[in-house]
Amino acid sequence: MSTAKRKLTIARAMSEAIAQEMEADSNVIVMGEDIGALGGVFGTTQGLLEKFGPERVRDTPISETGFIGAAVGMAAAGMKPVVELMFVDFFGVCMDSIYNLAAKQAYFSGGQVTCPMVLMTSVGGGYGDAGQHSQCLYATFGHLPGLKVVTPSNARDAKGLMIAAINDPNPVVFMFHKALQGMGWLGTVKRSITDVPVERYEIPIGKAEVVKEGSDLTIVGFGATLHMALDAAEKLAQDGVHAEVIDLRSIVPLDRETVIKSVQKTGRLVVVDDDYKSYGVASEVITSVVETDGLIMKAAPQRVTFPDIPVPFSPALEHFVLPNADKVEAAARHVFSH
């Protein structure tokens, strides 16, 4: 097996993963708006139209209800559709197909009909696109039984998670953060551009990774917030505070075991989540920890999240309310001081 590596952006890694699965299985097809000649607004389908043609790489009209509903039917018939919802904010017009059809197909058929569909969608703000193009909504999908939800923080994980998602018999929502895609017009977090093996491989869905070991407190992040956690941990280390940083990688299934094991060691917990504060992933992670019998917390857990308001258009206002490394560092110092 080849072990050659190259540095890729998340966008390139996603495109490569989809291409390799299309080569391996003729049932894998791609649909969405501007995913053909353009290669996806966020670069997720680069080169696929030229390689596989319009029969398998289908540009669709602006009709999320239509093409996502069609994907659910294709999956029931044995195909493996990968569909792109350009912005997660648009989920309202196609949610019936997602949560009443795709998510429940296996349950309603007694397991006789599965739904091997990947719904990839962009999340996150920070570039002045306002309240209808900047949300994350992780918890909205994570709350619904029958869906798996992943959000990569780097290119290597993006490729492995995408291949795992395409080969999963269940519907998988693949939420990629715009700030990590490596698109020039959006900028990117350099740490998200990583070595990516050439060969096909899977990252198991539902398995978190300890990306930095530490003994004083645990910081949990995922997607873009993982990088905020790592930046904060570097600043804390300068003062002799050693944070353990965990990348969830999957929101559903949630790897509670890895987080609990870490907090059993550190006794302190900060969770970073750029979705709305209330009823969110951060709350679920903290609840999973504090419910554990016999666990001794040295301080009350803290959430660093987006407040319960629509995302502002004004860049000054938006960046004031977005989570960042400084806020994570402040929360960590507060927890560590108790």
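The lining of the second largest pocket divides into eight nonpolar, six polar and three charged residues. In that count, Ala, Val, Leu, Ile, Met, Phe, Trp, Tyr, Cys and Pro are nonpolar, Asp, Glu, Lys and Arg are charged, and the others, Gly among them, are polar. This is a predicted model, where local features need pLDDT of at least 70 and side-chain atom pairs count only at pLDDT 80 or more, while totals for chains, interfaces and linings use all residues. Residues are numbered from 1 along each chain as its sequence is written, and side-chain values use heavy atoms, with hydrogens and water left out.

Let's stay with this pocket for a moment. A pocket here is an open set of points on a 1 Å grid over the protein atoms alone, where a 1.4 Å probe fits, with protein on both sides within 12 Å along at least five of seven lines; lining residues have an atom within 4 Å of a point. The second largest pocket has 17 lining residues, and Ala139, Gly142, His143, Gly280 and Glu284 lie nearest its centre. Two or more lining residues come from each of helix H6 (138–142), strand E12 (250–252), E13 and helix H10 (281–290). Helices (H or I, at least four residues) and strands (E, at least two) are DSSP runs, numbered from the N terminus. The volume is about 330 Å³, taken as the space filled by probe spheres set on the points, with grid points joined across faces, edges and corners.

Now the largest pocket. About 470 Å³ of space lies in it, and 28 residues line it, with Gly125, Ala179, Met228, Leu322 and Pro323 nearest the centre. Which helix gives the most to this lining? Helix H8 does, with four residues. By class, the lining of the largest pocket has 13 nonpolar, eleven polar and four charged residues.

On to the inside of the protein. A nonpolar core is a set of buried Ala, Val, Leu, Ile, Met, Phe, Trp, Tyr and Cys residues joined through side-chain atoms within 4.5 Å. Buried means under 20% relative accessible area, exposed over 50%, and partly exposed in between (1.4 Å probe, protein chains only). The largest nonpolar core has 52 residues, and Met117 and Phe141 have the most contacts inside it. Apart from it lies another core of 41 residues, including Met14 and Tyr201.

Is Lys159 buried or exposed? Lys159 counts as buried because its relative accessibility is 0%. You can find Lys159 in helix H7 (residues 155–166). Leaving aside neighbours within four places in sequence, its contacts include Glu16, Glu199 and Tyr201; contact means heavy atoms within 4.5 Å.

Last, the rings. The structure holds six aromatic pairs. Rings of Phe, Tyr and Trp (its six-membered ring) pair if their centres lie within 6.5 Å; planes under 30 degrees apart count as stacked, over 60 as edge-to-face and the rest as tilted. Phe42 and Phe176 have ring centres 6.1 Å apart and planes at 65°, so this pair is edge-to-face. The two sit 134 residues apart, with Phe42 in the loop between strand E2 (28–32) and helix H2 (48–52) and Phe176 in strand E7 (residues 172–177). Both are buried. For Phe87 and Phe90, the centres are 5.3 Å apart and the planes at 55°, so that pair is tilted. Phe87 is buried, at 8% relative accessible area, whereas Phe90 is partly exposed, at 26%. Put together, Phe42, Phe87, Phe90 and Phe176 form one aromatic cluster.
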